[in-house]
Amino acid sequence: MNRIFSTLILTVILLFLLPFKSSAINYEPNNGQQPAKTSQFSYSGESKQNILYKTLLSRFDILLGFTLGLSGTIFIDYIRRKRKTTEYRRGMRAELKQSLARLTLLALNQDADITVEKVQSWRSLSNEFELRKETCPLIHYDSYYEKLTKKDFSKEDINQFVELHHAIKVRREQGDSYQSIKKINCIFITNNITSISLLNKSECSLMLNILRRLDIINDQISRLEFTFERTYDSNVSSENHERLRGNYLCSCQFLSDWSYETAKEIACLLRK
């Protein structure tokens, strides 16, 4: 954009510096013969201001055409960028919404210390962005999670959910429960990573931070699965087995905390 305006200004300056038309100059005759051009000339009674005015008028069509050409280019580039930004935002928001649904479920499912406040906070996000089975068909909701998304979910139902979750926590600590976790991949955003520059400064910063957090979460998911499989290794001593189980439980809580924090950042970006 700045380059175009610089070119326009330079062109105007060059047009003004071009020599005036020869019709505005009288040359001295040479003995009745063909007039010879000399360095001395007069302005045939016209002032320099009038000559400049006529010169500008004679070149106005050139200047106007050049200006309209540049303006058309700028306008077309603006429309293309606007349309590209709109399409990118639409795809980005749809994918982030799916990621938000998965992260909130992951945060609840892996949390070792679930509380009524956490459940209510999760319900608030679910209701705000309509994170339900109908709007997020790619997300698998268990029966009690699906029930939790209902708007008429009472406080007694929340308390029952917390009790059920504590039972799952006990089974996990005993090593009797493990749920395979899929990594959270933002394919559209990753494939169009250069289009992040279309966002404003605050949105771009949030988006990059979200992608960084998702990389850490996906790495933690891989470590969690590896650690759980190692607990069944018969070559591992009982002492190391306890360490692995402790690391596994700590990884579950780390995954829950990071998932919830990342979900809040995604919610912040979707609100913009």
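## Met92 and its surroundings

Not counting residues up to four places away in sequence, Met92 touches Phe188, Ile189, Leu199 and Met207, where contact means heavy atoms within 4.5 Å. This is a predicted model, in which local features need pLDDT of at least 70, side-chain atom pairs count only at pLDDT 80 or more, and totals for chains, interfaces and linings use all residues. Residues are numbered from 1 along each chain as its sequence is written, and side-chain values use heavy atoms, with hydrogens and water left out.

Met92 belongs to helix H3; helices (H or I, at least four residues) and strands (E, at least two) are DSSP runs numbered from the N terminus. With a relative accessibility of 2%, Met92 counts as buried, a class defined as under 20% relative accessible area, against over 50% for exposed and partly exposed in between (1.4 Å probe, protein chains only). Between Met92 and Met207 the C-alpha to C-alpha distance is 9.7 Å, although 115 residues separate them in sequence.

## Overall organisation

The protein chain contains nine helices and zero strands. Read from the N terminus, its elements follow the order α-α-α-α-α-α-α-α-α.

Of the 272 residues in the protein chain, 34% are buried. Among contacts between residues at least 6 apart in sequence, 78% join residues at least 24 apart.

## Packing of H8 against H9

Two packed helices are described by the angle between their axes and the distance between the axes. For helix H8 (residues 201–230) and helix H9 (residues 238–270), the axes come within 9 Å and cross at roughly 160°. H8 is therefore roughly antiparallel to H9. Axes here are lines fitted to C-alpha atoms, for helices over the stretch in contact, and angles run from 0 to 180 degrees between N-to-C directions; those under 35 degrees count as roughly parallel, over 145 as roughly antiparallel, 65 to 115 as roughly perpendicular and the rest as oblique.

The crossing of H8 and H9 is left-handed, meaning that the near helix is turned anticlockwise from the far one by less than a right angle. The residues of the contact of H8 with H9 comprise 18 nonpolar, seven polar and six charged. In this scheme Ala, Val, Leu, Ile, Met, Phe, Trp, Tyr, Cys and Pro are nonpolar, Asp, Glu, Lys and Arg are charged, and the others, Gly among them, are polar.

## Individual residues of H8

Thr227 lies in helix H8 and is buried, with a relative accessible area of 11%. Leaving aside neighbours within four places in sequence, Thr227 is in contact with Leu244, Asn247 and Tyr248. A polar atom of the Thr227 side chain lies 2.8 Å from the backbone oxygen of Arg223.

Cys204 is also placed in helix H8. Beyond its neighbours within four places in sequence, Cys204 is in contact with Ile196 and Leu199. Cys204 and Leu269 are 65 residues apart in sequence, with their C-alpha atoms 9.4 Å apart in space.

Thr85 is located in helix H3 (residues 60–110). Its relative accessible area is 13%, and Thr85 is buried. The distance from a polar atom of the Thr85 side chain to the backbone oxygen of Arg81 is 2.7 Å.

Terms used. A polar contact is a pair of N or O atoms within 3.5 Å; within protein, one must be able to donate a hydrogen and the other to accept it, and residues adjacent in sequence count only if both atoms are side-chain atoms.
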